[in-house]
Amino acid sequence: MRRREFLKAGMVGGTAVAVGGPFVLRQADAQNPIKIGLPTVLSGGNAQYGTQAKRACQLFGKEVNARGGILGRPVEFIYEDTGADPATAVRKAQKLVEKDGVKILTGTVLSSEALAVSAKCPEWKVILMSTINGAGALTAKSYNRYFFRVNTSGPMGARAVSLYLAEAPMKRFFGLGSDYAWGRDSVASFSAQIVAAKKEVVGRDYPPVGTKDFASYIGKIRQSRAEGCYLVLPGQDATIFLKQAHQFGLTREVKPIMEIVELENIKAVGEAMVGTIGSSRYPFTVDTPKNRDFVKRFHAMHGVYPDMFDGETYEGLEWLAQVMQKAGTADDVEKIIAAWEDSSYEGLEGPFFMRKCDHQAVQPGFAVEVVKDPAYPHPVPKILATYPGDRVTPKCRTEEFV
Amino acid sequence: MAIFVEQLLNALALAGLLFLVSAGLSLVFGILRVVNFAHGVFYMLGAYLGFTTVAVSGWFWPALLVVPPVVGVVGALLEASTLRFIYRRPPIYQLLLTFGLALILEESVRVLYGPTAKGIDPPPLLEGAIGIAGTLYPRYRLFLIVLSLAVGAAVWLFLQKTRSGLVIRAVAQNSEMADCLGADIARVRTWVFGAACALAGLGGVAAAPMTTAYLGMGIGVIVDAFVVVVIGGLGSIPGSMAGSLIVGAAQTWGAYYLPETAMVIMYAVMGAILIFRPWGLFGEEE
Amino acid sequence: MNGPRALALAALAALAALPWVLARHQLSILTDLLIFGLFALSLDLIMGYTGMVSFGHAAYFGLGAYGSALVLVHSGQPVPVALLAGALLAGVVALPVGWFSTRATGIYFAMLTLAFAQLLYTVAYKWRDLTGGSDGLAGVPKTTLFWGGPSLATPHAYYFLVTACVVLALLLCRALVRSPFGRALQAIRENERRFVALGRAARPFKLVVFVIAAALAGLAGALFAPFRGFASPEVMFWVLSGQGLMMVLTGGIGTLIGPILGAMVFILIQEVLSSYTEHWMIFSGAVFVLMVIFLPGGLVGTARRLVTRA
């Protein structure tokens, strides 16, 4: 065998081992576990969100299995990387359903992924539990009864900030949202509520996702003489914007207001983010006994403080376990749906209620400010105001508020 | 007036950054005839290594000096261990190979640094903004403009005025002829590839205080850089400079005056130029 | 019966028998692979046989997907109507794009096709009323084979529809490259200047094959939308164009059957690796690097060389 042929043979053999090996390992795992599938983003620019979902699952899985599982069965999570592509997300979700036999999907990151997967759930007869997706449409125009949203939606976040700003002295606002559904819808929702509060939106702009230089937008915001700038930018874009706005000295003139205040951003931007206000779907500084204990356990396992989707995903899983206990089944999807509808749950951040009419979880909304706190290695979100669920949740199957 | 000056500076700063990335891409194409898809990943590698250097030394300036050679060595090693064997194939194979390298490097950076973006502060000297023509402008961006002009001049002088530059230009013109005349083609290729990667690394370090170091920054910039290089004409350094200015201006002014076109204006400009000059502004018909 | 023909018949028999052998999820993966195989096949027509490397081929796949999705969502016509609409839309849009792009050659041609593809992507992304913007169009139904005909909603039925389309497209492409038209294309690939010097215009040939390839990519996209149930801007993003090139090269450029296999291997490698490690990109990157260095003709090219040597 000549060298080149040897190498070829080696490659083929190596691939066969790589492909075949894990199958064997997985076969050994019997005892009928409850499988939960996560078609989530684990590579590329949005990987931080998938990583958060995964961290929450790891903690929940360890704890629940130590207590004997759900209904006496261990819980097993199967992670699949979608690479932030909806086509791959559907393919992976279908694989989880058809091959692994999961009845519960969760962990979808992008709205487009969630909408695509959710539309397939009635056909597959599985539940998609959102703990990350913000698009209002998921529980409104695109509602189907196999979709449950445990997390605060985008319009709910915009609502919480608007309620806070209605009482703040600022009067003139600029809306800056990424050029896709979330950014545009949230800026629209925010504008409507600010105008309703007799204040003014002096400008709006929609930079493309992945913008690396915001200088032009910063110039526009400054000229608009706004007092506050409402930002609806996904993680990385928000980090870059805040860095550059700080360098331009904009943050001294215009208050940054973010629809989601994330630890990921705070860590990357650093002190320049102190003073930023906004809403948080789950601020880890919520002072409930349940949350204090959770933060401690989470930090012990992962060595970091839980970010928004760590908390929201953990809450979703805990609620789901409670629902499965109540329904007495982890396999009969129809029974799980029936048990979940109109049920209550005491979450980390306060009381939750799953509305039957649109499967949106009613839950508290938070306005927060980024502050320095010597107890933590980085600035943290401090809670400025907490709004009860009925004030921040939109009317059923709409994105509008009373 | 203030707005105009500010937008002009914005365009120049972005053009400077684009030039640092695209100059190397253009060189590699001109001399190796390789469309290097991995070029953007070397830019990203530069930004992350810059973060590490700043974190370790507590200073920004050493990063600017240390990181480019390191990235250059990584690039040269990869060229010598992979690309070297396939120069005789059609260019599309080299693109595929560099795509594979880009995947490996991108993911390796994630394994090493994790998914969170890494911020670098500008050096104290360049912190904050100064008043120019009635507007506040960040010092760091002014530095970027100066840096890219200096690098552009240095590369051009090197190619035009030194003996090594002469050999490189000879290989670019006709590699077989240069081979006959005694130039060590393999060595020239490795050096040029390494130097181009070092330039990308320099761009990455320079970009980090402005954009932070983040995953995906390489993929994001490589498409822009391709557009720059194609507008300017492949293999031409003055072309890269012109292309950078055009793309920088299109992106900043487009975002300002025609915000709805921000996603696509760069491609529209490239399309328009190629329709009238199918070989780019400074390129030669093949 | 000669070797290749026996092989082809065996492959056909295998395709027909597979639905009864494979598990359900395997069948849906196979359907997916065949759809992308068709996409890669269409790219090979311009890339392998005419030497035109396009960086924007995903645009036509995407146009096909949107065309078919719109027909199915709004009118509920039978799937073949949607397929026709998708392929037509892609072909019609490719006409002006091809007319401009074929003015340039080589890398400049590639970049022009990329520019137009990004333009089309932006239209799909921004035209929210029609396309759903970044969220895309979800809930695309698999309707029927013809008016009042059998439903295509079962995995088997849709698999056979896709298989039929791929086999027909393959036969069409084979006939095309063996015709005088196809020989002219290959003459252009080998030496465009000589072709022109012989007194023939190259551009009309290039334009026609560009439009045919786009329509076939559109057909693939039109099959994709009802299969996955949605169309979103990602299906026309340059990333998919790049993946198309990888599929063709993996399978073997200029072999027609190769790119179909290449698409399958390309997707399967990522599918399998990404199920077992988050860091699958490192491994698939390494596979590409090794493949380029050690399998220059792609899978089919290398296999043929081994066979002729033996």
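Colleague: Leaving aside neighbours within four places in sequence, which residues is A:V295 in contact with?

Modeller: A:F284, A:Y305 and A:P306. Two residues are in contact if their C-beta atoms, placed from the backbone, lie within 7 Å. This is a predicted model, where local features need pLDDT of at least 70 and side-chain atom pairs count only at pLDDT 80 or more, while totals for chains, interfaces and linings use all residues. Residues are numbered from 1 along each chain as its sequence is written, and chains are lettered from A and ligands numbered from 1 in the order in which they are written.

Colleague: Where is A:V295 found?

Modeller: In helix α11 of chain A, residues 289-302. Helices (H or I, at least four residues) and strands (E, at least two) are DSSP runs, numbered from the N terminus.

Colleague: Is A:V295 buried, partly exposed or exposed?

Modeller: Partly exposed, because A:V295 has 18 C-beta neighbours inside 10 Å. The cut-offs are 20 or more other C-beta atoms within 10 Å for buried, 12 or fewer for exposed, and partly exposed in between, with C-beta atoms placed from the backbone.

Colleague: What separates the C-alpha atoms of A:V295 and A:D307?

Modeller: 10.0 Å, with the two residues 12 apart along the chain.

Colleague: How is chain A divided into domains?

Modeller: Domain 1 takes 31-152 + 287-362, and domain 2 takes 155-280 + 366-392. Those bounds come from an automatic or database domain assignment. The C-alpha centres of the two domains of chain A lie 27 Å apart.

Colleague: How many residues are in contact between domain 1 and domain 2 of chain A?

Modeller: 12 residues of domain 1 are in contact with 16 residues of domain 2. The domain 1 side has five nonpolar, six polar and one charged residues. Here Ala, Val, Leu, Ile, Met, Phe, Trp, Tyr, Cys and Pro count as nonpolar, Asp, Glu, Lys and Arg as charged, and the others, Gly among them, as polar.

Colleague: Changing topic. How many residues of chain B are in contact with chain C?

Modeller: 32 residues of chain B, against 30 residues of chain C. On the chain B side, the elements that give two or more residues are α4, α9 (217-232) and α11 (265-276). The largest share, 13 residues, comes from α4(B). By class, the chain B side divides into 24 nonpolar, four polar and four charged residues.

Colleague: And the secondary structure of chain B, what does that come to?

Modeller: 11 helices and two strands. From the N terminus on, the elements run α-α-α-α-β-β-α-α-α-α-α-α-α. Chain B is as compact as a globular protein of its length, because its radius of gyration is 19 Å, close to the 19 Å that the globule rule gives for 286 residues. The radius is taken over C-alpha atoms, and the rule is 2.2 Å times the number of residues to the power 0.38.

Colleague: What share of chain B is buried?

Modeller: 58% of its 286 residues. The C-alpha trace of chain B spans about 60 × 50 × 35 Å along its principal axes.

Colleague: What about chain C, how many helices and strands?

Modeller: 14 helices and two strands. Buried residues make up 55% of its 310 residues.

Colleague: Why should helix α13 of chain C span 21 Å?

Modeller: Because α13(C) has 15 residues, 280-294, taken at 1.5 Å a residue; its end C-alpha atoms are 21 Å apart, which agrees. The expected span is 1.5 Å times one less than the number of residues.

Colleague: Which residues of α13(C) are buried?

Modeller: Among them are C:W280, C:F283, C:F288 and C:M291. What covers the buried residues of α13(C) includes β2 (75-81) of chain A, α4 (91-113) of chain B, and α11 (238-251) and α12 (257-276) of chain C.

Colleague: And α5(C), how many of its residues are buried?

Modeller: 17 of 21, so α5(C) is mostly covered.
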